[in-house]
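Biologist: I would like a close look at a single part of this model. Please take the pockets and what surrounds them.

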Amino acid sequence: MSRRIAVTGVASGIGQALARQLTEAGDTVIGIDLKDADVCADLGTADGRDRAVAAVLEQCAGLLDGLVACAGVNAPSPLLVSVNFFGVTALAEGLRPALAAASAPRAAVVGSISGTQPVDDEVVAACLADDEAAAVARSAAVMAGAPQKLYPSSKAALAQWLRRTCIAPGWADAGIPINCVAPGVVRTPMSAALFADERMKAVMDRAVPMPLNGYAGPEDIAAALAWLISPANSHTTGQVLYVDGGAEVSLRGPSVF
Ligand SMILES: NC(=O)c1ccc[n+]([C@@H]2O[C@H](COP(=O)([O-])OP(=O)(O)OC[C@H]3O[C@@H](n4cnc5c(N)ncnc54)[C@H](O)[C@@H]3O)[C@@H](O)[C@H]2O)c1
């Protein structure tokens with residue numbers, strides 16, 4: 001029987017590529033996005049997330065085989081924590097009971113190589129405390145002095161949430177692995193502005209060196225996500241898998257582990 005997989009950010013980039021791969025493999029995708037999706041909802045608001053969860057539960061009749069959270073934004077703003085962190089965690093928590101009802105459920109989220117860069121500790125702490133109002137307020141303050149820290153903060157918080165969540169009651173003990181794919185630079189509409197500006201591209205190349213095969217395409221990231229939510233992944237959970245052409249190793253060196 002066809003698996004039912006919910007995919008956020010399905011209208012563009014990585015989410016769109018993943019939906020195509022899953023559909024071609026015979027899965028039924030329940031796509032979520034702001035528009036052009038089965039479920040149109042704003043994951044940057046609590047109300048939008050609630051409506052997304054309710055609509056997915058209705059479409060999957062309470063039994064969901066997989067969830068992949070791809071939706072995200074990268075422009076510096078307090079919206080970064082609302083979409084990239086709370087838009088992922090609230091959906092995962094809201095859909096967890098439907099995942100637990102499946103025989104071989106799987107979940108995955110999309111992080112970023114940026115999660116290894118300097119963060120604002122208060123933003124990260126507020127996210128992990130599940131305090132969106134505090135995370136947004138602190139983000140507004142950070143905008144004035146170090147806006148470049150907000151995207152890394154949202155992705156670092158997500159990776160830390162993942163490691164706490166994967167072995168919390170209701171996840172590993174319910175047979176639900178949840179992992180993260182952290183891309184380097186991917187050619188999607190999100191990164192198009194960087195490619196359009198030679199100066200920005202040079203900065204990006206220095207910040208994210210990708211000696212293995214250069215920039216990725218959205219289908220490369222989708223393939224890794226597809227494996228993490230496949231039945232073949234029986235024992236991997238709580239991991240951040242860098243699909244980044246060697247960027248993380250280049251930046252952090254050999255002695256991380
Ligand atoms: N492109 C890159 O270089 C790159 C690198 C590292 C990580 N990422 C991450 O990959 C993920 C996918 O990015 P992409 O490159 O495919 O970008 P994209 O802009 O092509 O697609 C993102 C999708 O998310 C949706 N989205 C944004 N805000 C939303 C909201 N409030 N509610 C619902 N949907 C919303 C957009 O409508 C869009 O369809 C993001 O989490 C991003 O942070 C991308």
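How do the residues of the lining of the second largest pocket divide into nonpolar, polar and charged?

Modeller: Keep in mind that this is a predicted model. The lining of the second largest pocket splits into 8 nonpolar, 7 polar and 4 charged residues. The volume of this pocket is about 430 Å³. Its lining is made of 19 residues, and Val240, Tyr242, Glu248, Arg252 and Phe257 are the closest to the centre.

Next, the elements around this second pocket. At least two lining residues come from each of H6, strand S6 (178-183), strand S7 (240-243) and helix H10 (247-252). H6 gives the largest share, 5 residues.

Two of those elements, S6 and S7, belong to an open sheet of 7 strands. The order is S3-S2-S1-S4-S5-S6-S7, with parallel pairing. S7 is an edge strand, pairing on one side only, and strand S3 (39-40) is the other edge. At the S3 end, strand S2 (residues 28-33) pairs with S3 in the parallel sense, over 2 bridges. Ile32 has Val39 of S3 as its bridge partner.

H6 also packs on this sheet. There, H6 touches strand S5 (106-110), S6 and S7. The direction of H6 makes about 155° with that of S6. Helix H9 (residues 218-228) lies across the sheet strands too: strand S4 (66-69), S5, S6 and S7. H9 runs at about 165° to S6.

Now set the largest pocket beside this one. About 1300 Å³ of space lies in the largest pocket. Its lining has 47 residues, with Val73, Asn74, Tyr151, Met190 and Ser191 nearest the centre. Two or more lining residues come from each of helix H1 (13-24), helix H3 (79-100), helix H6 (150-165) and helix H8 (198-207). In the largest pocket, H8 supplies the largest share, with 4 residues. The lining of the largest pocket divides into 29 nonpolar, 15 polar and 3 charged residues.

One last item concerns charge. Side chains of opposite charge can pair when their charged atoms come close. The count for this model comes to 8 salt bridges. One of them joins the side chains of Asp47 and Arg51, at 3.4 Å from N to O. Both residues lie in helix H2 (residues 46-60). Asp47 and Arg51 are 4 residues apart, about one turn of the helix.

To return to your part: the second largest pocket has 4 charged residues in its lining, and its largest share of lining residues comes from H6.

Note on methods. Residues numbered from 1 in each chain as written. Predicted model: local features only at pLDDT ≥ 70, side-chain atom pairs only at ≥ 80, totals over all residues. Heavy atoms only, no water. 1 Å grid on protein atoms, 1.4 Å probe; cavity = no way out; pocket = protein on both sides within 12 Å on 5 of 7 lines; lining within 4 Å. Points joined across faces, edges and corners; volume = space filled by probe spheres on them. Nonpolar A, V, L, I, M, F, W, Y, C, P; charged D, E, K, R; others polar. Pairing = 2+ DSSP bridges. Contact = heavy atoms within 4.5 Å. Axes fitted to C-alpha atoms, helices over the stretch in contact; angles between N-to-C directions. Salt bridge = Lys/Arg side-chain N within 4 Å of Asp/Glu carboxyl O.
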